[in-house]
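Please keep the sequence and the structure in view while reading.

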Amino acid sequence: MNQQNKMAGRIDYGIILTLMLLCLISLISIYSAQITNAQYDTNFVMKQIVWYVVTTFAIIVMMQLDYDRLTKWAYYYYALGIFLLIFVLVFGKEVKGAKSWIIIPFLGSLQPSEVVKVIIIIVLAKVIMDHNNKFKVHTIKYDFWLIVKIGLFAAVPLVLIMLQPDLGTTLVFIAIIAGMILVSGISWKIIVPLYGGIIAIGTAAIWMVINHPNWLTALGFQDYQFRRITTWINPETDPLDGGYQVLRAMTAIGSGQITGNGTGYDAIAIPENHNDFIFTIIGGDYGFVGASILLALYFLLIYQIIRVALDINIPYYSYICTGVVMMIMFHVLENVGMNIGLLPITGIPLPFISYGGSALLGNMMAIGLILSIRFNYQKSMFEMDAKNI
């Protein structure tokens, strides 16, 4: 009995409850999207249930990865991730111009980059930990060398993903890397000019797209690449093509007003409303109240992950928690932002809500990592003490 109580105490039921609520919202929203779109001849709800069952096993597998298995095998995971990204470039299935998918018997298609997101978190946490253990005193030289190490490990998967090409996943990777650099202990004397320079380059690029696109055309960029920015800034300029989806998305969300129109309200037809634009279903069906509840659940989940990092207080685990928080937070901000016209459309799904097995697998693996930290904490402390002795 005491053994069972100890086991139960190592499981973070708060995170599990939050996941169950997100799962319920997902299934209700996908059902609403399905019944309001006659062109959907697939039972997306049942397929999503199957993926939730499959990815629950993924969580159980991830919970077996204790401190020793994570740190010792990190570079093997990295090699596996690189292999998967190369494999998909050679043998992958092309969907909407991107060669990002492989076919899995009985389950359909899988996007390996979603799994690699979790792998890069594990690997960068290992890189940062090893560097900080070796160089106890932070100097500009040592901090710069850590930036180089992070850049080298991140460059290979980033290049392979850009070759697919997959802009959305590339941005998620950058967000993960940026967040983990912030907590790595690197001096602000390096971080401020580095991040300031990146922001300045991005701002200058947007300014040139709007005011002098011919300058970028001379550098090899194409007109269709500019439309994503111009229709983001002013979707009314192309209401039947580039701005069509975001205009309809904002109309659908606005139609929900405070309390929404109810499940299955078919006012505004929106392509992909079971996937990247599922937030329009939540906003239209359940209004400001429903959307606020969903965002509150995300904030609760992020708080719970941060709480795990603070409770455990092991640097390696803190780096992992930061990477997972950045991954989930960027997904939420970008998806909601593009649905309401605040950010450009990048094809990033809403975590745990949008239909799709690949994104759900990656997110559930990330949560499995967090549950593993709590579950294996005592064993991890024993292993670390043994190494110190």
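The sections below treat a predicted model, and they take its features one region at a time.

An α-helix has 3.6 residues a turn, so residues three or four places apart point the same way.

## Aromatic pairs

How many aromatic pairs does the structure hold? There are 10 aromatic pairs in the structure. In one of them, the rings of tryptophan 73 and tyrosine 77 have centres 6.4 Å apart and planes at 75°, so this pair is edge-to-face. Tryptophan 73 counts as partly exposed because its relative accessibility is 40%, whereas tyrosine 77, with a relative accessible area of 15%, is buried, because buried means under 20%.

The rings of tyrosine 75 and phenylalanine 153 are arranged in another way: their centres lie 5.6 Å apart and their planes stand at 25°, so the pair is stacked. This pair links distant parts of the chain, since tyrosine 75 is in helix α5 and phenylalanine 153 is in helix α7 (residues 140–162), 78 residues apart. Tyrosine 75, at 36% relative accessibility, counts as partly exposed, and phenylalanine 153, at 23%, counts as partly exposed too. Elsewhere, Tyr67, Tyr316 and Tyr317 form one aromatic cluster.

## Helix α9

Helix α9 covers residues 188–211, and its 24 residues should span 34 Å at 1.5 Å a residue; the C-alpha atoms at its ends are 33 Å apart, which agrees with that expectation. Which residues of α9 are buried? They are Ile190, Ile191, Tyr195 and Val209.

The N-terminal end of α9 is capped by serine 187, which has a side-chain oxygen 3.1 Å from the backbone nitrogen of lysine 189.

## Helix α14 and its asparagine

Asparagine 339 is found in helix α14, which comprises residues 315–339. Is asparagine 339 buried or exposed? Its relative accessibility is 0%, and therefore asparagine 339 counts as buried. The side chain of asparagine 339 reaches the backbone oxygen of asparagine 335, at a distance of 2.7 Å.

## Two loop residues with positive phi

Asparagine 313 has a positive phi of about 55°, although this residue is not a glycine. Asparagine 313 sits in the loop between α13 (278–312) and α14, and because its relative accessibility is 60%, asparagine 313 counts as exposed.

Phenylalanine 352 is likewise a residue other than glycine with a positive phi, in this case near 70°, and its place is in the loop between α14 and α15 (357–375). Phenylalanine 352 has a relative accessible area of 2% and is therefore buried, whereas asparagine 313 counts as exposed.

Definitions and conventions: Residues numbered from 1 in each chain as written. Predicted model: local features only at pLDDT ≥ 70, side-chain atom pairs only at ≥ 80, totals over all residues. Heavy atoms only, no water. Phe/Tyr/Trp six-rings, centres within 6.5 Å; stacked < 30°, edge-to-face > 60°. Buried < 20%, exposed > 50% of the residue type's maximum accessible area, 1.4 Å probe, protein only. Helix = DSSP H or I, 4+ residues; strand = E, 2+ residues; numbered from the N terminus. Expected span 1.5 Å × (residues − 1). Polar contact = N/O pair within 3.5 Å; in protein donor to acceptor, adjacent residues only side chain to side chain.
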